[in-house]
Protein chains: 2
Amino acid sequence: MIVGIIGGGQLARMLALAGHPLGVRCLFLDPAPDACARSVGTLLIGHYDNPRFLDRIATEADVVTYEFENVPASSLKYLAPRIAVRPGVEAIEVARDRWHEKQLFAELGIPTPPFAAVDTFEDLEAAVATMGLPAVLKTRTLGYDGKGQRVLRAASDLAAAFALLSGVPLILEGWVPFVREVSVIAVRGLQGETRFYPLSENIHQGGVLVQSMSRDRDPVTAMAQDYAQRLLGRLHYVGVLALELFQVGDQLLANEMAPRVHNSGHWTIEGAQTSQFENHMRAILGLPLGSTEALAHTAMVNFVGHLPDPSKVLSVPGTHLHVYDKNPRPGRKLGHATVRADDADSLSQALGQLRSLSHC
Amino acid sequence: MIVGIIGGGQLARMLALAGHPLGVRCLFLDPAPDACARSVGTLLIGHYDNPRFLDRIATEADVVTYEFENVPASSLKYLAPRIAVRPGVEAIEVARDRWHEKQLFAELGIPTPPFAAVDTFEDLEAAVATMGLPAVLKTRTLGYDGKGQRVLRAASDLAAAFALLSGVPLILEGWVPFVREVSVIAVRGLQGETRFYPLSENIHQGGVLVQSMSRDRDPVTAMAQDYAQRLLGRLHYVGVLALELFQVGDQLLANEMAPRVHNSGHWTIEGAQTSQFENHMRAILGLPLGSTEALAHTAMVNFVGHLPDPSKVLSVPGTHLHVYDKNPRPGRKLGHATVRADDADSLSQALGQLRSLSHC
């Protein structure tokens, strides 16, 4: 079996590594000649809308998926009549535009922070007048890891932020006093079977995820799963979907969804009965899903900008290292470590060691 | 980091899959253009003693290992002055010759079935007179999976078996009334740190392994580990070593050693804290070893000659599939399934399902 993957970054790489044992080879499409998936499959070096390579994928692959939501929907629409695209085109169309995404949440009764579309400076002023400050001005599309957004704290911030970001459609999102950020990773099979991983509790720094911890039987689990289930059903979804949520008091507000495997689910590689990567592959291939139960107390620490000495990482008990074969660059995700422990205290101790290694 | 691997079969393939997350790429040397590791690294298509390719490995790789014991020792000797070869040349020289291997066992006080070198028909008659029948006549080198051997049950079997196998050095091994076959998978790091996986209890059919089950806290564990430890120390071993043993009464008799990752350790991929493949890579790269503890009740079933429907395999609870991307052929190992369960009864039930799938 051959799976076409739009994108050749670390998510594609880890999908391919999960695919090989299932007898699956991957064909990646990415404009970067050094895309880090290149060593685990066949890399087609071209833009995401390159018709020659899209044709090749449609001809050679059995199914197509994508590793990020900024794939042009037009590419998926081009492919869809000729080859199964999983998850579908609609998931991309919704997820690549923060405003469409929030509209869908609202339509499905999934609470969100306040939000408003901003096309003009007058829109921005009106939205700020309604929802107050602080608030976050974001580009509707193409943002990730805190890129393409500015926090507005005072009325005097509006003009500079608008000048910096405008020219593309924007969205203003109300700032919410969240107690923590969580995400739910869900997977839906071709026949509609749905499974959820234990909730991930996430820590971001500068807009970039630095740590996720699995939270078995967390009190807000049922609420998070209910919201994810509404999305899966509405989108006739096939594959892994991540829904990021803010917890405010005992309520959850949806921040964004990712129609793909997700950084906050990397702990599942060693921490769950079946990793999110294997389950995404199983889902899009129409195979039975694997158990999403956690194996232990488990967490993940990202290595951003630099990779610590592997010997030091692997000296931390219960740790596995995952490097992405990418050239170091400030702010770039270069790898992560997963850690598995018998109890919460041991996990916390290991996490402390890994977090301190991630800084030096 | 680049690891050179002599051999490009399924063991090399699984080593490479364990290496990618550690940032390791593999360079395989194998004469078969369709060697199944080809899709997870760079395959050099050439004989194991091809000097041009050996030179390339010495130049490009950081360390060399091998996936089977029938590599010519001359190739490793050629490489050894220029690049670290782990495990070393001596391990191959011992393991590729059943007589040398048994001699080493004897030297280290590791009990074995009776054995005798057989070069002539007179040697065979003399050995049979001493140890009786049944006995097994084997080629000293190049045998695997029951190939290159004949069971002698009556005096009338001698001539035909000798005619079939002679022309190369032979060994006669006394048949022992074993109650079961077990193996111990050990790993020794570059600094001499040693760890042992829980014992594997193995079932062979027609000389081919069909099932291994992990046996946590098995009564003969200490004895098996003691024997393996003697070999590791004597050979200044680095990497994973497997020692296959017959249990006769409450004693263990060494059958053979494999200086490499081993089929009876495949359950460790999902069944142990750290797989044998990852630990072999960690050891030869001088990285800290990972825990060898089992995660659950766990076992492995081989798929020999044909691969069952993946949907059926993955419907068995707790199961993961590992296919080798090899063309089917009778008697050929094409893949395996690992299974993990909370208790012995669930494991046994899952194993029953997998064994029946392996037959149809």
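Buried means under 20% relative accessible area, exposed means over 50%, and partly exposed is anything in between (1.4 Å probe, protein chains only).

The model is a predicted one, where local features need pLDDT of at least 70 and side-chain atom pairs count only at pLDDT 80 or more, while totals for chains, interfaces and linings use all residues. Residues are numbered from 1 along each chain as its sequence is written, chains are lettered from A and ligands numbered from 1 in the order in which they are written, and side-chain values use heavy atoms, leaving out hydrogens and water.

Salt bridges come up first. Such a bridge puts a side-chain nitrogen of Lys or Arg within 4 Å of a carboxyl oxygen of Asp or Glu, and the structure holds 39 of them over all chains. One joins B:Arg13 to B:Asp325, with the closest N and O atoms 4.0 Å apart. B:Arg13 sits in helix 1 (residues 10-19) of chain B and B:Asp325 in the loop between strand 16 (319-323) and strand 17 (333-341) of chain B, so the pair ties together parts 312 residues apart in sequence. Helices (H or I, at least four residues) and strands (E, at least two) are DSSP runs, numbered from the N terminus. These two residues also belong to a network of salt bridges that links A:Arg25, B:Arg13, B:Arg38 and B:Asp325.

In chain A, the side chains of A:Arg180 and A:Glu201 meet in a salt bridge at 2.7 Å, N to O. A:Arg180 belongs to strand 9 (residues 180-188) and A:Glu201 to strand 11 (residues 199-205), 21 residues apart. A:Arg180 is buried at 16%, while A:Glu201 is partly exposed at 23%.

Next comes a sheet in chain A. Two strands pair if DSSP finds at least two bridges between them. Four strands make an open, antiparallel sheet in the order 5-8-6-7, with strand 5 (115-118) and strand 7 (149-152) at the edges, each pairing on one side only. From one strand to the next, the twist averages 20°. Axes here are lines fitted to C-alpha atoms, for helices over the stretch in contact (heavy atoms within 4.5 Å), and angles run from 0 to 180 degrees between N-to-C directions. Four bridges join strand 5 to strand 8 (residues 170-174) of chain A, and A:Phe115 has A:Glu173 in strand 8 as its bridge partner. Helix 7 (residues 158-165) of chain A lies across strands 5, 6, 7 and 8, running at about 170° to strand 7.
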